[in-house]
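Biologist: I'm new to this one and would like to learn how to read it. Could you walk me through it, feature by feature?

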Amino acid sequence: MEWLNAVVQGVLLGGLYALLATGLSLVFGVMRLVNLAQGDLSILAAYLALAIVQATGINPFLAIPIVVPVMMIAGYGLQRLALNRTVEQGPLPSLLLTFGLAVIIQNVLLDVFTADSRGLDAGPIENASIHLTDEISIGVLSLLTLLVAVAVLGGLSWMLANTQLGRALRATSDDHGAARIVGIDNRHLYGVATAIALGTVAIAGIFLGIRTTFGPSDGPTQLISAFEAVIIGGLGSLWGTLAGGIVLGVAQALGNQISPTFQLLAGHLVFLAILLFRPRGLFARVGARQS
Amino acid sequence: MTAARGYRVIQSTTAHRVAAVVGLVLLGSLASLPSWGDAGTMRLLIEFFTLLALAQMWNLLAGYAGLVSIGQQAFIGLGAYGLYLFADLLDLHPLAAVVMTAAGVGLIALATSFFVFRLEGGYFAVGTWVIAEVFRLIVAGNRSLGAGTGVSLRSLAQFGAQGRIALTYWLALAVGFGAVFVGALIMRSRLGLSLRGIRDSEVAAGSLGVDVFRAKVAVYLIAAVGCAIAGSVTYMNLLRIQPNAAFGVEWTARIIFIVVIGGLGSIEGPIIGTLVFLGLRELLADYGSAYLVVLGSVAILTVLFAPRGLWGLLTARWPISLFGVRHRLVARTMTGVEEPIPPVSTESTR
Amino acid sequence: MAFLEVDRVSSFYDDFQALFDLSLNVEAGETVAIIGANGAGKSTLLGVVAGLLPNRAGSVRFDGQLIDRLSTHARAKLGISLVPEGRRVFPSLSVRENLLLGAYRKRPGPWDLAAVFDLFPMLRERADRSGAVLSGGEQQAVAIGRALMANPRLLLLDEVSLGLAPVIVNQLYAGLPAIAATGTTILLVEQNIEQALVAARSVYCLLEGRISLAGRASELSRDAIVAAYFGI
């Protein structure tokens, strides 16, 4: 029964990974760009929320509507001022630039907040749980995270399918030259994509901060989890990314059951297995390509 | 241009031969250091040459084969722990241990290549990092390898303190000069020509008959073995091996900064980069993490504004090169004089 | 002053010169065809007008305004719509979505989804098919429709007939008069001389980056065209 409970926990954890992965997936889809600072940006959001909470005493959930717009504006700026110069130049420059950014973020956070572990205190919700049976319980916070993830993914999916902006993003991802012909300003659109990505990543970071403690160097772990969720789920499909996040979460939860130190490794091994046997991922969209 | 009587393709000019001789003289004088220098200087040079070797390997991967790896620390750590395994646990002579480690890592890299080469571009990069993390976690969970607290290398004590430093130093010299030499050799060879073609356009290279995949795997294996050897030598100096440090992504951070700032895609670049890196570190030693912020910022600015790094800026003004890796066309004129034909620059009109 | 003025334009691909001091004018509401053999510079010329390629010398004026410095999307905003060589329909989008995206920079005018479906009825039946599974002729119709959705003042057509069966090409060209009737100026590039002469009032022939012949379609003799086309 403990195993079933572990699976349930894993499914819920998957929501968090899906949120992190969405940003990575969107930016790669539109610009063929992997943002190596993604994880550190989510940690940055958590620290911003921390600063706000420490200054005003409000509940961390209320910090979300403040932090998310700030991060979105920062994302737009980052893309237009720096990353746009690297977009149509192959993978190398953007990887180097975002790697440098990751190092900078980690060390600035270290300087400002020290290496101490921090947490965002959201009150009693953190420990509340719904008991489904005697042995299976669902943490309210975990459930909320999953629901928020589904809502964000749903909203993004709807936007991509039904709005002019969504069509423009998909078209630019297909053929950025032809997109220009239709009147799309690529530089602006890339900025919008990164802004959306940082928005979702900020939400993920704050939920992460509420759920567990965090420190300045936790970014890379988040990046790797997000990346694994994307690859497991398959490129080109947002719901695939959710599925990938869930598979990863379940793998880690089962690993944790075997031994707490095995948790991360279990996730990596499942990822490697998928890479070996189903390199396109579990739900890859036909026509999606890596480059 | 006067009419030519014939053409020849050369790779080394007189300037290159002079540089090679200078290099040999330098090697000779450096090799004699243990008899007149102090341990502190030797340690710094060990660090310089091992970092240089790592940078050359990464440059081969990224600058020539177009493969961005952020997981070379996998092989650095394996080099360290391999040394421990063969020298401490299995009682081999340290040199034999290094050789065995290199061979072992070659095989391991062959296995990991099956995974990472299913990915491309940025995803390939993160994939290499995952591989490094897997090794880190496996080692950190293994009691006989010291688990999380790590191990100390004791087998080198047999040489005495001075002997150990000297041995490590000579190995570092070999590794550093060797990496540069191997890099230049590869670039002069057919593999190098293939790599340059692949770097410019994979599709075009493939259509000319270049086996793109095999070339990339070959470079991946060479870089893995090179990093492992450099890793072994590094820890012969440091003595204390811990999984988080040995398999840490900080290695990649150092290497990337060195190559980016020095100059990607040239053999001279990493040499300059290593000098700048160590120089900056000495300069900013008292400022803690500000040093890394500076490094990161300089790297970002370099990527944006000087993509070929310091060496690129230098050669834009004065077209020199220290290593004869490019093929040059030389025309023999009617009077018997040989005139080099300057390469057509493909960057002039962009 | 003409609606579109191309004045002594030279264009290069790195060191290769594709257009030499080329000048031509298009009057408002006119349909003008540019013909020429492969490599003559026709698509290059269209690319320069659309903003895809820079011109190193000379100038391009649209409705009196100098547009050399403007990017492609800015020119789309001004009312210049290009139907590119190779169609370049977006494979991730359906026919309907491709057309709707065409209205990204839309100006007021008669062209909307219903009007485009009236012009090319086969698109109405395939409205929800993905752009990736269309035939060549359907893709070309989508590409033209997509350009029309912006209600352009200047429509640029690059090699509409390329790779398509004559029946399909006729169907597509049959729609041109309806487009011209709304006042749209059309500049089209064609290898198919017959179609070009039927569709356009004025014709320019390009040879190796220069104009070798210009005049009214009705007034040019067959021999003159052949000579200008092949450079005999």
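Modeller: Let's begin with overall size. The radius of gyration is taken over C-alpha atoms, and the globule rule is 2.2 Å times the number of residues to the power 0.38. For 291 residues a compact globule would come out near 19 Å, and chain A has 19 Å, so the two agree. Along the principal axes, the C-alpha atoms of chain A fill a box of roughly 60 × 50 × 35 Å.

Biologist: Before we go on, what kind of model is this, and how do I read the labels?

Modeller: This is a predicted model: local features need pLDDT of at least 70, side-chain atom pairs count only at pLDDT 80 or more, and totals for chains, interfaces and linings use all residues. Residues are numbered from 1 along each chain as its sequence is written, while chains are lettered from A and ligands numbered from 1 in the order in which they are written.

Biologist: How many helices and strands are there in chain A?

Modeller: Helices (H or I, at least four residues) and strands (E, at least two) are DSSP runs, numbered from the N terminus. Chain A has 11 helices and 2 strands. Their order from the N terminus is α-α-α-α-β-β-α-α-α-α-α-α-α.

Biologist: And what share of the residues of chain A count as buried?

Modeller: A residue is buried if 20 or more other C-beta atoms lie within 10 Å of its own, exposed if 12 or fewer, and partly exposed in between, with C-beta atoms placed from the backbone. In chain A, 57% of the 291 residues count as buried. Among contacts in chain A between residues at least 6 apart in sequence, 76% link residues at least 24 apart.

Biologist: How do I read two packed helices?

Modeller: You describe them by the angle between their axes and the distance between the axes. Axes are lines fitted to C-alpha atoms, for helices over the stretch in contact, and angles run from 0 to 180 degrees between N-to-C directions. Take α1 (residues 2-31) and α9 (residues 219-233) of chain A: their axes come within 8 Å and cross at roughly 80 degrees. Angles under 35 degrees count as roughly parallel, over 145 as roughly antiparallel, 65 to 115 as roughly perpendicular and the rest as oblique. So α1(A) and α9(A) are roughly perpendicular. Residues making this contact include A:Tyr17 and A:Leu24 of α1(A), and A:Phe227 and A:Val230 of α9(A).

Biologist: Now a strand, please. Are the residues of β7(C) buried or exposed?

Modeller: In a regular strand the side chains alternate between the two faces of the sheet. In β7 (residues 154-158) of chain C, 5 of its 5 residues are buried. C:Leu154, C:Leu156 and C:Asp158 lie on one side, with C:Leu155 and C:Leu157 on the other.

Biologist: Which strands pair with β7(C)?

Modeller: Two strands pair if DSSP finds at least two bridges between them. β6 (residues 80-83) of chain C runs parallel to β7(C), joined by 4 bridges, with C:Ile80 partnering C:Leu154.

Biologist: Last one: how many residues from chain A and chain C does their contact take?

Modeller: That contact takes 16 residues from chain A and 21 from chain C. On the chain A side, α6(A) gives the most, with 7 residues.

Notes: Contact = placed C-beta atoms within 7 Å.
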